[in-house]
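Colleague: Could you walk me through this model as you would read it yourself? I'd like the general idea before each case.

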Amino acid sequence: MYVALAPPGYLPILSRADKTAENRPSAAGGKSSYLCFQRLPARDTRLSAVVDRNVVGVVGAGQLARMMQQPAIALDVRIRLLAEDASAAAAKVIVDSTVGTPRDRDLLLQWAQRCTVVTFDHEHVPTEHIRALEAAGHLCRPGSAALVHAQDKAVMRERMQRLGVAQPRWSRVSTGDEVTEFAEAGKGFPIVLKAARGGYDGKGVWFAESAADAAAVVNAMPDEVELLAEEHVDFVRELAALVVRSPSGQQAAYPVVQSVQRDGICVEVVAPAPEITAELAVQTEQTAMRIAAELDVTGVLAVELFETADGQVLVNELAMRPHNTGHWTIDGAVTSQFENHLRAVLDLPLGSPAPRSRWAVMANILGGAPQLFDGYPHVFARDPALKVHLYGKGVRPGRKVGHVTAYGDDLDTVVERARHAAAWFRGDGG
Ligand SMILES: Nc1ncnc2c1ncn2[C@@H]1O[C@H](COP(=O)(O)OP(=O)(O)OP(=O)(O)O)[C@@H](O)[C@H]1O
Ligand SMILES: [Mg+2]
């Protein structure tokens, strides 16, 4: 039986794809581990006023923007890119690319003129510039009021607190003494220090083992950087919940996944999270959907989570764009996160987030031989069912330059196939 607990105000949608999945065994005790909800749409009529209804402006030209291009081709959606560099991953494949920085407010406003809607490949756009776009009548999805929660970890923590969402103990701090006080009021050191803004891939996150460590981090920080301290969560694993929300209020939730981070960088994602109970999966998906609705997120919302030994799930951070923990959906789900992001920002009905197979494992390719192409003969010959995505980026040690996805019925085999291929590209032989 299809089991779905709809949040208040939402109705479960039972599309044909949903029904097919009823028989699919899943980690969630044989029940469907994805949900798709519809709030009866009040269609956004502002889109109809724009002549070109299919131009999605994307700020930022990394691999996320690049991977939006594939479903954009199929849907005949035109992507208009604001690329910081002509050789950036997405600028290499998107014809309509303007080179410039979103920190240049005038350029941003001018670039947005011919966009139906503006969305983002990264969070590093000054919030006041997004507000300026909105004030000038441009549709930004997500909007500035939502996006600030993905831009500023302190703002996000305050909001999660008000919403009563479980999260690590935390505090704003500005001196070493404040960090020590915070530590001593809880479990002591280690403590995690984070820059409120500007972090990614673990940059902007420091693990302080002692008061001296904490003081060194605080003292080395430029004055304008706001810091927060968090208890060090002794998690058993990291999870991520990915939901997509349209301006009409429709939501689709992908199965909760397990992610493995090394040195602050995601290395592997298993979908669905192995051995997660149906209760925890549904509860986590509903928390993510509630956050999306409360914050009025449009597009993809990724909620990074810690699962603790006592079965609690705590929110680590939010991202409001396609997310590394959702890359498996390109090959492993009926509708990829990239397609659903485009559909959402254009306020189109969302596609089914149902998985196509029992398991999907995504492994990032972090660094490798200068010519990643040379990895193809072995990888393709060994595993004809493997899917490879290279981002067209210059290879540097540890840099995220692509990913592979394997899917199938046996988890151990799928994990081995994905890990082997990623290791092969990385040049350590698999
Ligand atoms: N409070 C914490 N306790 C234990 N580990 C933590 C804590 N906060 C962060 N981490 C670890 O550090 C990683 C990076 O932290 P976080 O996600 O906040 O940083 P980020 O640089 O913004 O990441 P992203 O690459 O997702 O943008 C987490 O995935 C987790 O492995
Ligand atoms: Mg993170």
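Colleague: What covers the buried residues of α7?

Modeller: First, some ground rules: this is a predicted model, where local features need pLDDT of at least 70, side-chain atom pairs count only at pLDDT 80 or more, and totals for chains, interfaces and linings use all residues. Residues are numbered from 1 along each chain as its sequence is written, while chains are lettered from A and ligands numbered from 1 in the order in which they are written. Helices (H or I, at least four residues) and strands (E, at least two) are DSSP runs, numbered from the N terminus. Contact means C-beta atoms, placed from the backbone, within 7 Å. The cover of α7 includes β7 (170–173), β8 (191–195), β9 (205–208), α8 (211–220) and β10 (227–231).

Colleague: Which residues of α7 are buried?

Modeller: Buried means 20 or more other C-beta atoms within 10 Å of a residue's own. In α7 (residues 176–184), these are Val-179, Thr-180, Phe-182 and Ala-183. They lie on the same side of α7, because their arc around the axis (taken from the directions from axis to C-beta atoms) is only 160°.

Colleague: And the open sheet: what is the order of its strands?

Modeller: Strands pair if DSSP finds at least two bridges between them. Here the 4 strands run β5-β4-β3-β6, with parallel pairing. β5 (96–99) and β6 (117–120) each have a single partner strand, so one side of each lacks a neighbour in the sheet. Between β4 (residues 78–83) and β5 there are 4 bridges, and Leu-81 has Ser-97 in β5 as its bridge partner.

Notes. A residue is buried if 20 or more other C-beta atoms lie within 10 Å of its own, exposed if 12 or fewer, and partly exposed in between; C-beta atoms are placed from the backbone. Two residues are in contact if their C-beta atoms, placed from the backbone, lie within 7 Å.
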